[in-house]
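Trainee: Could you help me see how the terms for a structure follow from their definitions?
Mentor: Gladly; let us look at it together.
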Amino acid sequence: MDLTLTPAQAELRARARTYVTDVLQPLEGEFERNRGALPPETLSEIKRRAIEARLHGGSLPREVGGQGWTALEQVLVHEQLGQVTGGLWGFIPGAYNALMHCTPEQRRRYLDPCLRGERNGSYAITEPGQGSDARTLEATAVRDVLTGEYVLNGVKWFVTGAPDTDFMIFHCHLLEGGERLPTLFLVDYDAPGVQMVRDPDYTHTFADRHPQFSLTDVRVAPDAVLGGIGEADTMTNEWFVEERLHIGARCSGAMERLLGLALEWATSRIQFGERIYDFQGVSFPLADSAADASAARLLTREAAWMMDAGASPKVVHAKASVAKLFASETAYRCADRVVQVFGGRGYMRDYPAERYLRELRVDRIWEGTSEIQRMVIARALEKRGVRPVVGGPDSVEG
């Protein structure tokens, strides 16, 4: 395994870094003070400059209008996106990878406008009584034999999307011939029967909202099916694996920024006639977090490299879970340590450390809790053995 960056990869990383430092980081304070809102002209500028920097639709294939980044290139970009608070990277035009399966007409209506920054979509999976196990979802679709339409019913929670989101990917079971076929549907928010019943606030102030929706006898045309009947579990799992890599990358990027801020502060802050960095109670926790950040970055890049190398999808799944589990757990500890280094200042919302402490907590929950990641890893150990799960590049065939 050679993780040496090519000149093109180094340029992509530098381009993402410049975008983060020049466009997104200067907006962090305003975004926090406005409780997660920015003026429309600012949002338009964020999108325009992201498109100008060729950072939009990065994970989607070029043939559908994306950038066609490899998994490793996605990780390199998300390492930079993790160095901004507020999840402001969520305003970069893009789309869930399930939309690569759009028909030409679906692409015209949904994917193309998303990549232009004109539309935004959400992914509706979780329900009040069902969370991590999509096989038990209660949301249903039934075909009306008279009209050919599908009738959708269900309640969805944590439907993550930007405030200007106007359609969802609805994960449900199509009831057909006594079978429950997991199927995705594209559903516009303004369709009759779609109701946002609640838009709660959460611990973090974030670019994305996570409202709750009720779908009652929502009728959609046959061409609302995304990717084929019965294919939802496969497509949703592909998204989970990709997003777990992105989370691992953003967490390692967050740790890099946190450590940089802490080092700058601790080496300049004088107490009792000495730099606070010279007290082991300050420097040793930062050293531990530096080791964590290095390991998280390597785990995430290794998983991405194995995906690009054509490793078994089951092994990549386990590797992505290892990366997401380790990175999300250690990033939160890092934020907690850095808040402590800043003392009272670290508890002020003006400081990135405080915001990270709130924002990184959710990375241990969404796209599969830490407990789910442990289940994935444990099952992979039992079914495939230790070496494919903990091994390196020689485990590609695992």
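Mentor: On a 1 Å grid over the protein atoms alone, a pocket is an open set of points where a 1.4 Å probe fits, with protein on both sides within 12 Å along at least five of seven lines, and lining residues have an atom within 4 Å of a point. This is a predicted model, where local features need pLDDT of at least 70, side-chain atom pairs count only at pLDDT 80 or more, and totals for chains, interfaces and linings use all residues. Residues are numbered from 1 along each chain, and side-chain values use heavy atoms, without hydrogens and water.

Trainee: What volume does the second largest pocket have?
Mentor: About 460 Å³, where a volume is the space filled by probe spheres set on the grid points. Of its 19 lining residues, the closest to the centre include Asn97 and Glu238.

Trainee: Why are helices α6 and α8 called roughly parallel?
Mentor: Angles under 35 degrees count as roughly parallel. The axes of α6 (residues 232–266) and α8 (residues 313–342) cross at roughly 25°, so α6 is roughly parallel to α8. Axes are lines fitted to C-alpha atoms over the stretch in contact, with angles from 0 to 180 degrees between N-to-C directions. Helices are DSSP runs of H or I with at least four residues, and strands are runs of E with at least two.

Trainee: What makes β3 and β7 a pair?
Mentor: Two strands pair if DSSP finds at least two bridges between them. Strands β3 (residues 150–156) and β7 (residues 212–220) have six, in the antiparallel sense, and Val151 stands opposite Arg219.

Technical notes. Parallel < 35°, antiparallel > 145°, perpendicular 65-115°, else oblique.
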